[in-house]
Amino acid sequence: MNHRIFGIFVALCLVAAQPQASAANGVTYERNLEVFRNGKLIGTRQLRISQNGDSLEVINETKIAIEVLFITAFHRTELLREVWRNNRLVEFSSRVNENGDTFEVDVVRNNNGTLQVQGAAGTYNAPGTTLPATYWHRGIVDTDTLTHVMSGELQRVETSLVKKEVLMVNGRPVATTQYRMRGDERVDIWFDDKNVAVNVMYHTDGGDKIEFRTKSSPEIPGGLNLPE
């Protein structure tokens, strides 16, 4: 291989090695969480946030499996996608598979500012301040209506500030603020100083505690226009 061809080959390899987000002048952030049921590890969640121009795409991907006597008694996968523009949710979709049954929800913002929701609960228009029950950012504490990610049902909630608390994440202290949501959902959420959830704890009707704990949390890069 002559020097000119070798130089072209190296240049092409370097271009191919660049992440897609950089090629599109975007910024991407990932946060990995572990899922626990009553203190026992049952799954994982990956939060991915991507900024491209004025659009913010947020994906929560969750995989859960509960084994009883070495047999998988329960499994669930979730793929939840949000698109934000100018600090407003403009699209949401969820694809949930629970024990082989599939549930789909789709939400789009109407021209009049309301949200059109389609799911197993039917098709209806929700208030423009409604958010999907994904709990990843602090803005969720300011709404009193949520969209259920499996059925699309409109849920009524009230949220209150609990306290400031330092949590240990991957061996380092993280300053958080805890909020408590009650109503159709019973959830406690701890947000960091960037208003992204560090821990989320669901209280089920059966008395179980399903907790999402951050396992790895790199610094959030500049350039991400996170919802307020």
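A total of 15 salt bridges is counted in this predicted model, a salt bridge being a side-chain nitrogen of Lys or Arg within 4 Å of a carboxyl oxygen of Asp or Glu. Because the model is predicted, local features need pLDDT of at least 70 and side-chain atom pairs count only at pLDDT 80 or more, whereas totals for chains, interfaces and linings use all residues. Residues are numbered from 1 along each chain as its sequence is written, and side-chain values use heavy atoms, with hydrogens and water left out.

One of these salt bridges joins the side chains of Arg37 and Asp208, with an N to O distance of 3.4 Å. Arg37 belongs to strand β1 and Asp208 to the loop between β14 and β15, so the contact ties together parts that are 171 residues apart in sequence. Strands (E, at least two residues) and helices (H or I, at least four) are DSSP runs, numbered from the N terminus. Arg37 is partly exposed at 32% relative accessibility, and Asp208 is likewise partly exposed, at 21%; here buried means under 20% relative accessible area, exposed means over 50%, and partly exposed lies in between (1.4 Å probe, protein chains only).

A salt bridge is also formed by Arg81 and Glu57, whose closest N and O atoms are 2.8 Å apart. This pair links distant parts of the chain, with Arg81 in strand β4 and Glu57 in strand β3 (residues 55-68), 24 residues apart. Both side chains belong to partly exposed residues: the relative accessibility is 31% for Arg81 and 28% for Glu57.

The side chains of Glu98 and Arg76 meet in a salt bridge with an N to O distance of 2.8 Å. Since Glu98 lies in strand β5 and Arg76 in strand β4, the pair ties together parts that are 22 residues apart in sequence. Through salt bridges that share partners, Arg45, Arg76, Glu78 and Glu98 are joined into one network. Within this group, Arg76 counts as buried, at 14% relative accessibility.

Strand β14 (residues 197-203) is largely enclosed by the rest of the structure, because six of its seven residues are buried. This strand pairs with strand β13 (residues 187-191) in the antiparallel sense over five bridges, where pairing requires that DSSP finds at least two bridges between two strands. Trp190 has Asn199 of β14 as its bridge partner. The two strands form a hairpin with five residues between them, and Asn195 in the turn has a positive phi of about 70°. Strand β14 is also joined by five bridges to strand β15 (residues 209-216), the two running antiparallel. In this pairing, His203 stands opposite Lys209 of β15. The hairpin of β14 and β15 has five residues between the strands, and Gly207 takes a positive phi near 95° there.

Positive phi values also occur in residues other than glycine at two further loops. Asn38, in the loop between β1 (27-37) and β2 (40-52), has a phi near 50°. This residue is partly exposed, with a relative accessible area of 46%. Asn86, in the loop between β4 (71-85) and β5 (88-98), has a phi near 50°. Asn86 counts as exposed, at 66% relative accessibility.

A search of the whole structure finds two cavities of 30 Å³ or more. On a 1 Å grid over the protein atoms alone, a cavity is a set of points where a 1.4 Å probe fits but cannot get out, and lining residues have an atom within 4 Å of a point. Grid points are joined across faces, edges and corners, and a volume is the space filled by probe spheres set on the points. The largest cavity has a volume of about 80 Å³. Its lining consists of Leu33, Arg45, Leu47, Asn60, Thr134, Tyr135, Trp136, Ala197, Val200 and Phe212. Two or more residues of this lining are given by each of β2 and β14.

On the surface, Val68, Leu69 and Phe70 form a nonpolar patch with about 430 Å² of accessible area together. Patches are made of residues with over 30% relative accessible area and no salt bridge, with nonpolar side chains (Val, Leu, Ile, Met, Phe, Trp, Tyr) joined within 5 Å and like charges within 9 Å. Accessible areas come from the Shrake-Rupley method with a 1.4 Å probe, and for residues only the protein chains shown count as cover. Val68 is placed in strand β3 and counts as partly exposed, at 47% relative accessibility.

Notes. On a 1 Å grid over the protein atoms alone, a cavity is a set of points where a 1.4 Å probe fits but cannot get out, and a pocket is an open set with protein on both sides within 12 Å along at least five of seven lines; lining residues have an atom within 4 Å of a point.
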